[in-house]
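Here is a short briefing for a first look. Keep the structure in view while reading.

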Amino acid sequence: MTRKAKKAARPEPAVTVRGLENRFGANLLHDGLDLEVLPGEVLGVVGSSGSGKTVLMRSIIGLNRPRTGEVSVLGENLSALQGRQRKALLARIGVLFQNGALFSGLTVAENIALVLKLHTGLAPGPIDRLARQKIDMAGLPQDTAGKMPAQLSGGMRTRAGLARALALDPEIVFLDEPTAGLDPIGAADFDRLIRELQQSLGLTVFMVTHDLNSLVAIADRIAVLVDRKIRVGPLDELLNDPHPWIQAYFRGPRARAAHDAAGSGH
Amino acid sequence: MVALSVASRTRSVTETSASSSGERPLAWFDLEDENRLRVGGVWRLAQVGLLSRRLERAGLSGRAVHEIDASALTALDSAGAQLLIRAVPSPDAITGVDKRYRGLLRRVADAETAATDQPRPRRPGGAGAQLALIGWRTVGVGIRTWELLGFFGLCIVAIAGVIIRPWTLDGRATFHHLQAAGLNALPIIGLLAFLIGVVVAFMGALQLQKFSAGIYTVDMVGIAMLRELGVLFAAIMVAGRSGSAFTAQIGTMSLNEEVDAMRTIGLDPVAVLATPRIVALVIALPLLTVYADLVGLAGGAVVSLALLDIGIPLFLERLSSAVDTTAFLIGMAKAPFFAAAIAIIGCFEGFKVTGSAASVGRRTTTSVVEAIFAVILIDAAFAMALSWLNI
């Protein structure tokens, strides 16, 4: 499954993290963490609860200022940019927060249109058409366009959040536990959706997840947060990593089940 | 068709890009013959606004083109793809698409079909809808009143439970609310009551001086503050401060499913959340009323001294002869009723919060408006009842 990521000439990474250090009080979360996300790959990020997966994501997209270390997204340092340059870079990034983080006062279509209005000078007609296109791409029926977030189920809210994240055709999307709280069938649908969009839109995907099925199904490479650092590689490689947490994670009963399910599916 | 052949020249659509190929425009289209459109360059979201305007001006929007040759495209995203697909009757009419963009084009074509198949839900409008809205609102008022009465009953049951078994009252929560709604309200209520006393005395003094009856200002301030204004303004302040806080607190807990969690573990949310608040307010408001009365009278005394040369001893002497305890007791008698109304409405609106953060805001507004309305309604009822009883 790891085709694009392994071209002969190493392409410029979509995300580069060097020497990242994050600390909350006395709790050292990341200590000299390095990571590269290659363009066009789906990178799954796993780690135990509280190991700082979400903080890592927030550091990359500029919501958390790391104590030390360098972060660059699409070749630029987001937190150093200001004004128009920052806005231009933000337009190339899509973020799906946990549970969608939709603006509760706006309908689904308005949530998407807001992003388009903010970044393009398009007239209301084309904006509405693009919003409806994104709603369909996220696998939502068209009648969700006029609904308020409170009227949607958890899974639909996640999809609506994805539609908003895709509004500007970003080059890279960050997903924070997109399949958390979804039933297995819904989660598998979502995985398929991500894979399909990643291929048709040429996306790079950075996905924080706990969902082993998701990882097996769509991740090209997996980044494991252990000992305040990252170990990254394809699944087969990580299976042979002797680290006890990684062994427990990928060789546990749930992992085996996920692997079997994926194997029998092909 | 003439117009189309006139339009059949390369259109420079965006400024020549600095990076790519020099004199070629960043994105362009070219009508080769009447039905065949050649497109090229970067068809991305940033170019789509200009491109779609140009296409429209050339009369090429809305499925006017039979065929599109897309072999010269250098970049395409879903917005650009949508523009292409909307120009032709069927996605098959787009040829020469780079392999990279075929999946995207197919996906966008599917999305377009889904978006156009589904008829837009029309927003209801017109006079009929307005009339229906009035009807719904009217029914809504009835339903709300009914629900509020129901909640009032629940609160009575909960309070009765506490009266029968006082040890079941959550003492800590009650004291917390006593402090928040009572003690912490002292500065603002003091200021307000003082100013009200000043204003009443000032107006009275100006008018009564004309009749050389300035001394009656004391009667006026005394009766007005003790019987009506002290308790009324304390209640309005409490409704704004604490009634709204109750709604917001309980509303946020409802959103967070804390209220549901209480139900599942066998706690009665009304007993746990509403009872301490109601008890606290019923204790706090009479105390605040005494305080507001005193400070209000002080305000009146200051004005009397400054404007009418009525010294404090004279003021007090006149006050004790003009105002009997009935006026004070009438004011005090209203306080618990006001407090109960404010607390019950505040909690009720909190429990009614559903869905989103906006709902908390809406309910809080409603809670304050309704609480103040209820206070004035109860005050009017008291006035009528007392005049009927000749007190």
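What covers the buried residues of α5(B)? The cover includes α10 and α12 of chain B. This is a predicted model.

**Helix α5 of chain B**
- Helix α5(B) covers residues 126-164 of chain B.
- At 1.5 Å a residue, its 39 residues should span 57 Å, and the end C-alpha atoms are 57 Å apart, which agrees.
- The helix is hardly covered, for three of its 39 residues count as buried.
- Those buried residues are B:C155, B:A158 and B:I159.

**Helix pairs in chain B**
- Chain B holds 13 helices and four strands.
- Helix α10(B), residues 269-308, packs with helix α12(B), residues 325-351, at an angle of about 145 degrees.
- The axes of α10(B) and α12(B) lie 8 Å apart, and their crossing is right-handed.
- From α10(B), the contact residues include B:L273, B:I278, B:L281 and B:L285.
- From α12(B), they include B:F328, B:M332, B:F338 and B:I342.
- By class, this contact has 18 nonpolar, two polar and two charged residues.
- A second pair is formed by helix α7(B), residues 186-210, and helix α8(B), residues 216-255.
- The crossing of α7(B) and α8(B) is right-handed.
- On the α7(B) side, B:I188, B:L192, B:I196 and B:V200 are among the residues in contact.
- On the α8(B) side, B:Y216, B:M220, B:F233 and B:M237 are among them.
- The contact of α7(B) with α8(B) has 18 nonpolar, four polar and no charged residues.

**Chain B overall**
- Of its 391 residues, 37% count as buried.
- Among contacts in chain B with a separation of 6 or more, 78% join residues 24 or more positions apart.

**Chain A overall**
- Chain A has 10 helices and nine strands.
- Its length is 266 residues, and 45% of them count as buried.
- Residues 24 or more positions apart make 67% of the contacts in chain A with a separation of 6 or more.

**The three-stranded sheet of chain A**
- An open sheet runs in the order β2-β1-β4 of chain A, with antiparallel pairing.
- Strands β2(A) and β4(A) stand at the edges with a single partner strand each, so one side of each is left without a neighbour in the sheet.
- From one strand to the next, the twist averages 25 degrees.
- β1(A), residues 15-24, and β2(A), residues 27-37, pair over eight bridges.
- Within this pairing, A:L20 stands opposite A:L33 in β2(A).
- Two residues lie between the strands of this hairpin, where A:G25 takes a positive phi near 60 degrees.
- β1(A) also pairs with β4(A), over five bridges in the antiparallel sense.
- Across that pairing, A:R18 stands opposite A:E70 in β4(A).
- Helix α1(A), residues 53-60, packs on the sheet and touches β1, β2 and β4 of chain A.
- The direction of α1(A) makes about 125 degrees with that of β1(A).

**The buried strand β7 of chain A**
- Five of the five residues of β7(A), residues 204-208, are buried, so this strand is largely enclosed by the rest of the structure.
- Both faces of β7(A) are covered.
- One side carries A:T204, A:F206 and A:V208, and the other carries A:V205 and A:M207.
- Strand β3(A), residues 42-47, runs parallel to β7(A), joined by four bridges.
- A:V45 stands opposite A:V208 in β7(A).
- Strand β6(A), residues 172-176, is also parallel to β7(A), with five bridges.
- The bridge partner of A:V173 in β7(A) is A:V205.

**Where the chains meet**
- The contact takes 24 residues from chain A and 23 residues from chain B.
- On the chain A side, α4(A), residues 124-137, and α6(A), residues 184-201, are the elements that give two or more residues.
- α4(A) gives the most to this side, with seven residues.
- The chain A side divides into nine nonpolar, 10 polar and five charged residues.

Technical notes: Residues are numbered from 1 along each chain as its sequence is written. Chains are lettered from A and ligands numbered from 1 in the order in which they are written. This is a predicted model: local features need pLDDT of at least 70, side-chain atom pairs count only at pLDDT 80 or more; totals for chains, interfaces and linings use all residues. Axes are lines fitted to C-alpha atoms, for helices over the stretch in contact, and angles run from 0 to 180 degrees between N-to-C directions. A crossing is left-handed if the near helix is turned anticlockwise from the far one by less than a right angle, and right-handed if clockwise. Two residues are in contact if their C-beta atoms, placed from the backbone, lie within 7 Å. Ala, Val, Leu, Ile, Met, Phe, Trp, Tyr, Cys and Pro count as nonpolar, Asp, Glu, Lys and Arg as charged, and the others, Gly among them, as polar. A residue is buried if 20 or more other C-beta atoms lie within 10 Å of its own, exposed if 12 or fewer, and partly exposed in between; C-beta atoms are placed from the backbone. Two strands pair if DSSP finds at least two bridges between them. The expected span of a helix is 1.5 Å times one less than its number of residues.
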